[in-house]
Amino acid sequence: MPDHDEIFAKVCELLKPYNPENRPITMQSGIVSDLEVDSVAVFDLVMGLEDHYDVSIPMEMVSDIKTVGELCSAIKQLAEE
Amino acid sequence: MSLWDKYGTIQGRLDNVKKLINRDPLGVEFDDIMGRTRGRIGNREIILAGTNNYLGLTFDEDCMIAAKDAIDAHGTGTTGSRVANGTYTEHVELERALADHFKMPSCIVFSTGYQTNLAAISGLTNKDDIIFMDADAHACIIDGTRLSEASTIRFRHNSPEDLDKRMSRIKEKKGEFFVIIEGLYSMFGDIAPIDEFLDVTHKHGGYLYIDEAHSYGVFGETGCGLAEAQGVMDRVDFIAGTFSKSLASIGGFCVSKHPEFEIARKVMRPYLFTASPTPSNVSAALAAVGKINSDYGNELRQNIWDRATQLHKGLADLGYDLCAEPSPVIAARRPNEVICAMEWNWLLENGLYVNLAVPPGTPQSSSLLRISLSAAHTEDDVNQIIGKFAELKDVQPQLMENLMKLAG
């Protein structure tokens, strides 16, 4: 099972193309509010994570996720199911 | 703190653009619409090349007479829902005509295209079902999935392989799989491989729902759309469409090969709890269905495809980065939102209206100058459009200089 740090590293890697200004990413970073990733791009990012961890992250779950940390927790939980 | 604080970002974005071009690009007001391809703002005549009026039937004499006659016969509005007092002979006749056109047993008409997807998607699925939606799906499809209680999973645009992978990931399900794609995608103008999507969807025991809003009327031997053009219409479970493009009115429809679809009339909230489309809107659409499924419809389709080929070649020869093969929707990718807005404004000020399309309304966060052609455009109109885009290239240095000045 992937641990939180590993998932965080993967999220940061996949966030790179959506973060051209290279803003610092922490677990507390708001994906839309701080990193200014647009709402459609968030869903594109999620598809990459779904493929990497072989999980399904439904859109209604994504809508509730606000921070990078919440995204990592959701993936960890789904990967463990 | 106030109610408006949350709009700070969008307000800032709008203010920046307005500073550059001195107008709200999402609030263009036409002083007159003189016909299918011409409008007027102030004293300037504008070529309309972004109206989705694909067959140019908005000023068709028979469609206009049908609309006027319906007002004379049945008034300006129905003032009621389809399940109350809002079902007239016009609605029933149009549903029958569309069902016949698609050779399907069931058709339901809605008050707008947006409501069609909202109603059908939310009405056909519930919390036990799983929706799979193309990543480039239109906002009304997304909103339909939000109104549904079903879980929604996005798959990579136009990729049946990716859909297959995501459907295979679901090991247990209580309900059904419901797959949603579009025919012609409205922003890039690219088309779906429907036969492959049918194979994947049905392999997993799912239902395929296609939004043919932009393809109905312009694709297929009789104008039914892309599924007809690809020879697979009889295998598709649901096809949705709109009246506000080729059908030259406002409203929407969904046809199905499943006669059981009729029961959805009793559960679709955006169908139940809104007034039915006006007799005039419905009558204009009914007249337009007759035009689409006729020799005249074939002539219109021939013309729009000739114009699409002409425009695509013209813009490609100028070096524009086009998003797809020739189709009635031709979009040029621009470097960013600000440059795109300046170019869009220059075109408008020089007599050409196209659509400014920016994120998040576009795939891949693209900024686009989007053109939608009409069968009413002439060869000369398209030459003029190409000419404007050529001039736009010439004035590029000047536009950039202005931008730099404004940026300080």
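Predicted model: local features only at pLDDT ≥ 70, side-chain atom pairs only at ≥ 80, totals over all residues.
View 1. Domain 1 of chain B is built from two stretches, 5–54 and 297–407, while domain 2 of chain B covers 60–292. Zoom in on the contact and you'll find 18 residues coming from domain 1 of chain B and 18 residues from domain 2 of chain B. On the domain 1 side, α11 (295–317), β11 (329–334) and β14 (367–372) of chain B each put in at least two residues. That side of domain 1 of chain B splits into eleven nonpolar, five polar and two charged residues.

**View 2. The three-stranded sheet of chain B.** Here's an open sheet with the strand order β11-β14-β13 (chain B), paired antiparallel. β11 and β13 (355–357) of chain B are the edge strands and have a single partner strand each, so one side of each has no neighbour in the sheet. On average, neighbouring strands of this sheet are turned by 25° against each other, ignoring direction. Look at β13(B) and β14(B) and you'll see an antiparallel pair held over three bridges. For a landmark, pick B:Ala357, whose bridge partner in β14(B) is B:Leu368.

View 3. α11(B) lies across β11 and β14 of chain B, and runs at about 15° to β11(B). Helix α12 (residues 337–349) of chain B lies across β11, β13 and β14 of chain B, at about 35° to β14(B). α11 of chain B also turns up in View 1, as one of the elements on the side of domain 1 of chain B that touches domain 2 of chain B.

**View 4. The four-stranded sheet of chain B.** This open sheet runs in the order β1-β2-β3-β12 (chain B), and its pairing is mixed. At the edges are β1 (32–33) and β12 (352–353) of chain B, each pairing on one side only. Strand β3 (residues 44–48) of chain B and β12(B) run parallel, joined by two bridges.

**View 5. A helix pair in chain B.** The axes of α6(B) and helix α7 (residues 194–203) of chain B come within 9 Å and cross at roughly 10°. That angle is why α6(B) counts as roughly parallel to α7(B). From α6(B), the residues in the contact are B:Pro160, B:Leu163, B:Asp164 and B:Met167, and they meet B:Glu196, B:Phe197 and B:Val200 in α7(B). By class, the contact of α6(B) with α7(B) has five nonpolar residues, no polar ones and two charged.

**View 6. Where chain B touches chain A.** In this close-up, 13 residues of chain B are in contact with twelve residues of chain A. On the chain B side, β6 (151–155) and α6 (160–169) are the elements that give two or more residues. β6(B) gives the most, with four residues. The side of chain B that touches chain A is made up of five nonpolar, four polar and four charged residues.

**View 7. Confidence along chain A.** Chain A has an average pLDDT of 91, and 100% of its residues score at least 70.

Note on methods:
Residues numbered from 1 in each chain as written. Chains lettered and ligands numbered in written order. Domains from an automatic or database assignment. Contact = placed C-beta atoms within 7 Å. Nonpolar A, V, L, I, M, F, W, Y, C, P; charged D, E, K, R; others polar. pLDDT = per-residue confidence, 0-100. Axes fitted to C-alpha atoms, helices over the stretch in contact; angles between N-to-C directions. Parallel < 35°, antiparallel > 145°, perpendicular 65-115°, else oblique. Pairing = 2+ DSSP bridges.
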